[in-house]
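Biologist: Hi, could you walk me through this model? I'd like to start with one of the helices.

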Amino acid sequence: MPINTIQLAKVKQLNSNDNIEVIDITVKNSKHFLAPTWEIVMGVKNNVISEDEYTAVYLDILRKRYKENQQQFLNLIQETIEKNIAITCFCNKDSFCHRFIAIDVLKKIADKNNMEFNYIGELTPITKKNKP
């Protein structure tokens, strides 16, 4: 099964028949191990830190969390083999966003552990406005 990404605002536009499990990794859902911290989110929003600095800090956060509990990362990767999953946050698909960094990290972990990882890309639900 694939893993996808999607902007949170577009989740309600998904077809319920697709059986996509949506995982919220927003800072507001700070309980998820892929969620960033308020400090870096507000830092980049307020132009206190650059996107490169955000990325470096976010990667450090994920490395620390991985060292503390590798199994949660491996479990999520395993879930992507068994279920159709989309990770989501607030950012527009064309803007800088931690969900794409998280996908890269998950891919590297999957490769290191010889696990399947099938990232399809950003979901763009078909709506009445964009039907062919």
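Modeller: Happy to! In helix 3, the buried residues are F73, L74, L76, I77 and T80. Buried means under 20% relative accessible area, exposed over 50%, and partly exposed in between, with a 1.4 Å probe and protein chains only. Helices (H or I, at least four residues) and strands (E, at least two) are DSSP runs, numbered from the N terminus. One caution: this is a predicted model, so local features need pLDDT of at least 70 and side-chain atom pairs count only at pLDDT 80 or more, while totals for chains, interfaces and linings use all residues. Residues are numbered from 1 along each chain as its sequence is written, and side-chain values use heavy atoms, with hydrogens and water left out.

Biologist: How do helix 2 and helix 3 cross?

Modeller: The axes of helix 2 (residues 51-68) and helix 3 (residues 70-82) cross at roughly 100 degrees and come within 5 Å. That makes the two helices roughly perpendicular. Angles of 65 to 115 degrees count that way, under 35 is roughly parallel, over 145 roughly antiparallel, and the rest oblique. The axes are lines fitted to C-alpha atoms, for helices over the stretch in contact, and angles run from 0 to 180 degrees between N-to-C directions.

Biologist: Which residues make that contact?

Modeller: Helix 2 brings L62, R65, Y66 and E68, and helix 3 brings Q70, Q72 and F73.

Biologist: Switching topic, is T26 buried or exposed?

Modeller: T26 counts as buried, at 2% relative accessibility. It lies in the loop between strand 2 and helix 1 (38-45). Leaving out residues up to four places away in sequence, T26 touches L8, A35, P36, T88, C89 and F90.

Biologist: Which residues have a positive phi without being a glycine?

Modeller: N19 is one of them, with a phi of about 50 degrees. It is found in the loop between strand 1 and strand 2, and at 62% relative accessibility N19 counts as exposed. N114 has a positive phi of about 55 degrees. N114 lies in the loop between helix 4 and strand 4 (119-122) and is exposed at 74% relative accessibility.

Technical notes:
Contact = heavy atoms within 4.5 Å.
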